[in-house]
Amino acid sequence: MRRQKVKAAVFIGAVAALAAALGPAAAEGQPGGSDTVVVDCSGRPQVRPSSYLIACGDGNNGLVSLHWTQWGPASAAARGLDRVNDCVPYCAAGRFHSYPVTVRLDTVRPRPGQQGRPHYTVLHVHYMADTPAQTPRDAEYPILEGR
């Protein structure tokens, strides 16, 4: 019985030491180490997000159901849907439509004030079929730090 208690105490101590070494970012499910990140609308770094808001101001355009096929130091690639409000007759009364897309993140730069941690600064969206009104088949969006 005493041996089990000692083993349990050692295990708990090892888990606590590992959690302390990884820091709060690992405990919160945030990226750690030198992972290249994409910055969301609130300025938080994300790795392989399942959704990503393009229109931070009004929420009328966002990527959902993202499935990442690649996430590397220079670029990332995913498939998913772009959900866009048609804003007809105006945005508050508009309807959301989904468009199948492929997504690429690239143009990596160090994050200011983040000890040089890299982040993607350009989002490329390729519409696989139809596109939203007045949107080209290939659209590019800058990802601004501290959006």
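Me: Where in this predicted model is confidence lowest, and where highest?

Reply: Confidence in the predicted protein is lowest in helix α1 (residues 2-27), at a mean of 34. Strand β5 (residues 76-85) has the highest, at 98. For the protein, the mean pLDDT is 80, and 75% of residues reach 70 or more.

Me: What makes residues 1-33 a stretch to treat with care?

Reply: Over residues 1-33 pLDDT stays under 50. The model has 11 contacts beyond four places in sequence for this stretch. Where pLDDT is low, the coordinates of a prediction should not be read in detail.

Me: Why is the link of Cys 41 and Cys 56 called a disulfide?

Reply: The S to S distance is 1.9 Å. The cut-off is 2.5 Å between cysteine sulfur atoms, so Cys 41 and Cys 56 count as a disulfide. Cys 41 lies in the loop between β1 (38-39) and β2 (45-46), and Cys 56 in the loop between β3 (52-53) and β4 (61-71), so the bond ties together parts 15 residues apart in sequence.

Me: How do you know the handedness of the Cys 41 and Cys 56 disulfide?

Reply: From the torsion about its S-S bond: the value is about -80 degrees, so this disulfide is left-handed.

Me: What is the handedness of the link of Cys 87 and Cys 91?

Reply: Cys 87 is joined to Cys 91 by a disulfide with S to S 1.9 Å. The link has 95 degrees about the S-S bond and is right-handed. A search of the whole structure finds 2 disulfides, and their pattern is 1-2, 3-4, counting bonded cysteines along the chain.

Me: Why is Cys 91 called partly exposed?

Reply: The relative accessible area of Cys 91 is 32%. Partly exposed covers values between the buried cut-off of under 20% and the exposed cut-off of over 50%, so Cys 91 falls in that class. Cys 87, at 23%, is also partly exposed.

Me: What makes Arg 44 and Asp 40 a salt bridge?

Reply: The closest N and O atoms of Arg 44 and Asp 40 are 3.7 Å apart. The cut-off is within 4 Å, so the pair counts. Asp 40 has a relative accessible area of 12% and is buried, while Arg 44, at 47%, is partly exposed.

Me: Why is Asp 106 called buried?

Reply: Asp 106 has 13% relative accessibility. Buried means under 20%, so the label applies to Asp 106. Asp 106 forms a salt bridge with Arg 104, with the closest N and O atoms 3.1 Å apart. Arg 104 is partly exposed at 38%.

How values were computed. Residues numbered from 1 in each chain as written. Predicted model: local features only at pLDDT ≥ 70, side-chain atom pairs only at ≥ 80, totals over all residues. Heavy atoms only, no water. pLDDT = per-residue confidence, 0-100. Helix = DSSP H or I, 4+ residues; strand = E, 2+ residues; numbered from the N terminus. Contact = heavy atoms within 4.5 Å. Buried < 20%, exposed > 50% of the residue type's maximum accessible area, 1.4 Å probe, protein only. Salt bridge = Lys/Arg side-chain N within 4 Å of Asp/Glu carboxyl O.
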